[in-house]
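Morning, everyone. Please bring up the sequence and the model on your screens.

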Amino acid sequence: MASLKEMRNRIGSVKATQKITKAMQMVAAAKLKRAQDQAESARPYAKKMASVIANLAAGVSGADAPRLLAGTGQDQRHLIVVATADKGLAGGFSTNVIRAARERINSLIANGKDVKIIAVGRKSRDQLSRLYGDKLVRTFELSEHKTVGLPSAQPIAEMIATAFEDGQADVVTLFYSQFKSVISQVPTAKQLIPAVVEGDAAPVDLNGAVYEYEPSEEEILETLLPRNLTTQILAALYENQAGFFGSQMAAMDNATRNAGDLINALTLQYNRKRQAQITTELIEIIAGAEAL
């Protein structure tokens, strides 16, 4: 059984850990507000761009449609982009996204599809490289940039576009965590190529007017679709960042509470053991006095 000194050391160790988890919770809470504002601010922009694309896409079809919108017409080569966090201590945040991506990857492989993977974030790189090392073509670390922004999303979008133009991918799907609330982050799959107009992204209402575009809808889409690709990735990274801080804050809050419960249990155990030791010593003193 542990001695009193060992129990005091353990209580001190748990208290030190509790201070660290409390500090991490406060840091995550401070960063969450800005990350949440960024995620919420990006949503209307991404939605409006989807509406513009829906409006333009209504006027093009067949061979005139840009390849990013129409795709290659095949479904054999799939590029899966998995966006997680660089750091841990955030509960199951990254694991949930990777699990959803893994289910899709395994399903595609089982159906005889060719799969390539781009990992965004160290957590996805570490796990996916162990499972699908031969299919992992590139990794991106978000910590390379001081803050998440356009410089973080641009290289990812460029590599995706290049892979598509070079015939290495027919379908590109992005997996990320959509931020709902501090306690709710939903793993989400979004098809980037061929571009899909969201169900709630209605075409822009022209109030019955007919517009002639200069340049043509096709030329505008040729310019707009690559920008939309970057926009969708950037919005997903913002969602991921907010979800990470929310998940980390909740995880560190739970860890702090658990540390407090453990400290109380250890303190009670320590006091009982100390009381028993004092009682034993008193009995020995009394017995010795009686013997004299």
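A word on terms: helices (H or I, at least four residues) and strands (E, at least two) are DSSP runs, numbered from the N terminus. This is a predicted model, where local features need pLDDT of at least 70, side-chain atom pairs count only at pLDDT 80 or more, and totals for chains, interfaces and linings use all residues. Residues are numbered from 1 along each chain as its sequence is written, and side-chain values use heavy atoms, with hydrogens and water left out.

Now find D86. It sits in the loop between β1 (77–83) and α3 (93–110). Is D86 buried or exposed? D86 is buried. Buried means under 20% relative accessible area, exposed over 50%, and partly exposed in between, with a 1.4 Å probe and protein chains only.

Yet D86 has no salt bridge. That term asks for a side-chain nitrogen of Lys or Arg within 4 Å of a carboxyl oxygen of Asp or Glu. The nearest side chain of opposite charge is R122, 4.5 Å away. On charge, Lys and Arg count as positive, Asp and Glu as negative; His and the chain ends are not counted.

What does the D86 side chain reach, then? One answer is the backbone nitrogen of R122, at 2.8 Å. Another is the backbone nitrogen of L142, at 2.9 Å. Contact means heavy atoms within 4.5 Å. Beyond its neighbours within four places in sequence, D86 has contacts including G121, K123, E141 and S143.

On to the sheet. Two strands pair if DSSP finds at least two bridges between them. Here 5 strands make an open sheet, ordered β3-β2-β1-β4-β5, with mixed pairing. β3 (136–140) and β5 (184–193) are at the edges with a single partner strand each, so one side of each has no neighbour in the sheet. From one strand to the next, the twist averages 20°.

Look at β4, residues 171–181. With β1 it pairs in the parallel sense over 5 bridges; there, L79 has V172 as its bridge partner. With β5, β4 runs antiparallel, joined by 9 bridges. Q178 partners V186 there. A hairpin of 2 residues links β4 to β5. Of the 11 residues of β4, 8 are buried, so the strand is largely enclosed by the rest of the structure.

Last, a helix. α5 (residues 150–165) lies across β1, β2, β3, β4 and β5, at about 160° to β3. Axes are lines fitted to C-alpha atoms, for helices over the stretch in contact, and angles run from 0 to 180 degrees between N-to-C directions.

How values were computed: A polar contact is a pair of N or O atoms within 3.5 Å; within protein, one must be able to donate a hydrogen and the other to accept it, and residues adjacent in sequence count only if both atoms are side-chain atoms.
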